[in-house]
Amino acid sequence: LYKNVIHTKDAQNVINLIRATNQSFSLCHIVDIFRGANNAKVRQHGHNKLPLYASGKSLGKGIADRLLHRMVLESYLIEDTSRQDGPYASIISVLRVNEAKVRELFSGKQTFELACKVPANI
């Protein structure tokens with residue numbers, strides 16, 4: 001059984017984290033910062049010192065992942081993928097904020113909901 005849960009504040013925090021990291025990091029890294037991961041990459045970039053670091057620690061990793069993927073699907077975030085040339089050519093993907101779309105989320109005109117599993121006994 002699933003129920004829509006309002007996650008507007010979490011969505012706003014994710015958007016502000018992406019802005020605070022200069023819109024230069026992947027979805028996985030933003031989830032790590034949001035949930036408060038204490039890994040080398042987070043520490044290396046000083047993201048563990050950001051005011052919103054661990055602001056989503058109460059959410060499970062699965063819900064945090066779904067939250068960000070849903071934000072991409074609903075165009076609040078844009079996943080910008082590019083190829084890096086050089087001896088170790090690779091594809092990188094970073095998250096960017098769709099500023100035109102997020103205005104309504106911050107103005108209170110729109111909420112952000114995510115379907116979450118609820119225990120069967122409720």
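**Entry 1: H1 against H5**

I began with the contact between two helices, and I noted that Thr8, Ala11, Gln12, Ile15, Asn16 and Arg19 in H1 meet Glu99, Val102, Leu105 and Phe106 in H5. Sorting these by class, I found that the contact of H1 with H5 has five nonpolar, three polar and two charged residues. I keep in mind throughout that this is a predicted model.

**Entry 2: the geometry of the pair**

Two packed helices are described by the angle between their axes and the distance between the axes.

Next I turned to the loop between helix H1 (8-20) and helix H2 (27-35), where Asn22 has its place. Gln23 is found in that loop between H1 and H2 as well. Is Asn22 buried or exposed? I read a relative accessible area of 62% for Asn22, which means that this residue is exposed, as the cut-off for exposed is over 50%.

**Entry 3: backbone angles in the loop**

Most residues other than glycine have a negative phi. With that in mind I checked Asn22, whose phi is positive, near 60°, and then Gln23, whose phi is also a positive value, near 50°.

Conventions. Residues are numbered from 1 along each chain as its sequence is written. This is a predicted model: local features need pLDDT of at least 70, side-chain atom pairs count only at pLDDT 80 or more; totals for chains, interfaces and linings use all residues. Side-chain values use heavy atoms; hydrogens and water are left out. Helices (H or I, at least four residues) and strands (E, at least two) are DSSP runs, numbered from the N terminus. Buried means under 20% relative accessible area, exposed over 50%, partly exposed in between (1.4 Å probe, protein chains only). Contact means heavy atoms within 4.5 Å. Ala, Val, Leu, Ile, Met, Phe, Trp, Tyr, Cys and Pro count as nonpolar, Asp, Glu, Lys and Arg as charged, and the others, Gly among them, as polar.
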